[in-house]
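Visitor: I have a model open on my screen and would enjoy a guided look at it. Could we go through it together, one question at a time?

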Amino acid sequence: MTFWSGTVAAESILLRFTEGEGTADLDAYLRAGGYQAARTALTTLAPESVIDIVEQSGLRGKGGAGFPTGRKWKFIPKGAPVKYVVVNGDEAEPCTFKDHLLLERAPHLLLEGIIITAYAVGAQRAYVYVRREGYLARERLEQAVAAAEQRGFLGDKIFGTGFSLQVVVHTGAGAYIAGEETALLESLEGRRAMPRARPPFPAVAGLYGKPTVINNVETLCHVPAVIRLGPEAYSALGPPALFSVSGHVRRPGVYELPLGTRMREMIDQAGGLRPGRRFKAAFPGGSSSAILTEAHLDVPMDYEPLQQAGSMLGSASLIVMDDTACIVRTVARGVDFYKEESCGKCTPCREGTVWLSQIFERILGGRGRMEDLDLLAHISGGLKGGTCFCLLGESVPPSLEASLRHFRHEYEHHIRTGRCDVDDAVGAAAGVA
Ligand SMILES: Cc1cc2nc3c(=O)[nH]c(=O)nc-3n(C[C@H](O)[C@H](O)[C@H](O)COP(=O)(O)O)c2cc1C
Ligand code: SF4
């Protein structure tokens with residue numbers, strides 16, 4: 001897949017390490033200024049100061065929940081003899097593809113972020129969890145770990161300090177639920193990936209029962225820039241974030257843009273819509289975010305504004321749909337994904353997603369009934385309000401309910417006529433009966 005960067009190079013803190021040949025080669029990374037932030041942190045800053053700097057920078061987790069990173073690190077008990085850093089590189093959310101870009105093209109950037117993080121929280125071992133399909137990501141990361149060990153950036157007494165760190169790359173078996181942090185820990189420990197009850201939270205009892213910081217790949221790739229620039233200068237850049245832009249745009253790819261960039265501008269950066277097409281709707285934060293419409297094109301792509309608009313930033317993957325997209329089919333596909341990926345631990349998610357999928361099959365097969373719309377809303381309601389053990393189950397209602405709210409007429413048309421008005425319109429324009 002080809003990736004484009006939509007940023008001015010001078011302002012880029014992440015994609016500049018991925019452009020061209022990237023910086024998977026250690027010498028290329030060093031030429032780009034690599035490992036200087038880690039050296040600065042380890043040789044001139046106390047671990048607590050590193051955490052304070054990260055907290056002041058406003059860096060928030062990029063895995064979906066947007067939790068403040070520095071605050072998360074502060075939960076790690078100081079005196080614990082064994083602690084771990086776990087990096088979440090599962091990235092199985094449909095249409096989210098930024099972490100793999102970083103893993104494949106800039107693995108040393110991640111390693112540098114890990115070194116700083118482990119130093120800050122006092123961990124001597126870090127695990128990077130990469131999903132099975134990420135063959136190149138794993139290969140590049142393993143090569144980067146070996147190269148960094150050889151040059152003394154990993155291993156014993158890094159930069160001549162008393163700090164030592166070992167990084168282990170682990171491959172998952174390819175399940176969306178393995179990206180949920182406690183399920184990921186189960187998988188790392190050799191069991192089936194199923195979420196754990198919380199509390200205790202991983203910061204207190206995580207991997208092998210020890211205090212564990214779990215962060216997303218991109219989150220940790222921001223850390224060297226936070227140290228290099230300082231919290232104010234980093235924050236003044238937006239702060240920046242990677243957006244996976246896909247769907248009906250002319251240049252889908254990963255874009256580095258300031259948080260708060262408007263959806264309209266982001267679509268422009270991605271080459272705009274295809275000629276002659278009209279914007280119809282978008283998922284601003286991956287398939288688990290509520291669908292937004294034309295009325296939301298000027299909403300800033302940031303945590304709070306998107307929440308106020310009834311959706312969320314999630315993993316910052318903007319999925320754009322033009323007027324050739326059938327909303328019913330799109331939502332049905334999402335429901336099928338969650339049905340397949342449900343781990344089966346709790347009833348509302350395990351059964352509810354199957355029921356929803358059956359109703360969608362009926363509607364799309366021309367056998368729908370008007371009361372199916374109430375049934376969809378009713379089952380969706382059963383997945384909310386804490387009935388599900390983890391957030392996978394709760395990922396289904398936002399897009400489904402938003403589609404019923406904004407595009408009910410499309411459902412009704414399917415049920416009334418047994419046909420798709422979008423397909424009909426596209427077919428008519430193409431001269432197909
Ligand atoms: C079903 C599900 C899948 C998830 N998948 C991922 C994932 O692939 N990568 C990721 O970083 N976070 C994922 N998360 C979020 C993690 O549980 C966790 O919040 C995140 O790794 C914390 O890192 P951060 O604070 O740096 O964002 C997922 C959550 C859920 C509920
Ligand atoms: S909500 Fe779904 S994925 Fe999460 S624990 Fe329950 S069954 Fe498993």
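Visitor: Which residues come closest to ligand 2?

Guide: This is a predicted model, in which local features need pLDDT of at least 70, side-chain atom pairs count only at pLDDT 80 or more, and totals for chains, interfaces and linings use all residues. Residues are numbered from 1 along each chain as its sequence is written, while chains are lettered from A and ligands numbered from 1 in the order in which they are written. Ligand 2 is surrounded by 14 residues, where near means that a C-beta atom, placed from the backbone, lies within 6 Å. The closest are Cys 343, Cys 346, Cys 349, Cys 390 and Gly 393.

Visitor: Which helices each supply at least two residues of that shell around ligand 2?

Guide: Helices here are DSSP runs (H or I, at least four residues) and strands are runs of E with at least two, numbered from the N terminus. By class, the shell around ligand 2 has nine nonpolar, three polar and two charged residues; Ala, Val, Leu, Ile, Met, Phe, Trp, Tyr, Cys and Pro count as nonpolar, Asp, Glu, Lys and Arg as charged, and the others, Gly among them, as polar. The helices that each give at least two residues are helix 14 (347–364) and helix 16.

Visitor: Turning to ligand 1, which element gives the largest share of its shell?

Guide: There are 23 residues around ligand 1, with Gly 61, Gly 63, Gly 179, Asn 216 and Thr 219 coming nearest. The largest share, three residues, belongs to strand 4.

Visitor: Which domains each give at least three residues to the shell around ligand 1?

Guide: The shell around ligand 1 is made up of nine nonpolar, eight polar and six charged residues. Domain bounds come from an automatic or database domain assignment. Those giving at least three residues each are domain 1 (9–236) and domain 3 (327–429).

Visitor: How many residues of helix 9 are buried?

Guide: A residue is buried if 20 or more other C-beta atoms lie within 10 Å of its own, exposed if 12 or fewer, and partly exposed in between, with C-beta atoms placed from the backbone. Among the buried residues of helix 9 are Thr 219, Cys 221 and His 222. Helix 9 (residues 217–229) is mostly covered, and of its 13 residues the number buried is eleven.

Visitor: How are helix 3 and helix 9 oriented to each other?

Guide: Ile 53, Val 54 and Ser 57 in helix 3 meet Val 223, Val 226 and Ile 227 in helix 9, contact meaning C-beta atoms, placed from the backbone, within 7 Å. The axes, lines fitted to C-alpha atoms over the stretch in contact, come within 10 Å and cross at roughly 100°, with angles run from 0 to 180 degrees between N-to-C directions. Angles under 35 degrees count as roughly parallel, over 145 as roughly antiparallel, 65 to 115 as roughly perpendicular and the rest as oblique. Helix 3 and helix 9 are therefore roughly perpendicular.

Visitor: Is Tyr 35 buried or exposed?

Guide: Tyr 35 sits in the loop between helix 1 (26–31) and helix 2 (36–44). Although not a glycine, Tyr 35 has a positive phi of about 70°. Because 21 other C-beta atoms lie within 10 Å, Tyr 35 is buried.

Visitor: What is omega for the cis peptide bond between Pro 199 and Pro 200?

Guide: Most peptide bonds are trans. Pro 200 lies in the loop between helix 8 (181–188) and strand 4. For the cis bond joining Pro 199 and Pro 200, omega is about 5°.

Notes. Two residues are in contact if their C-beta atoms, placed from the backbone, lie within 7 Å.
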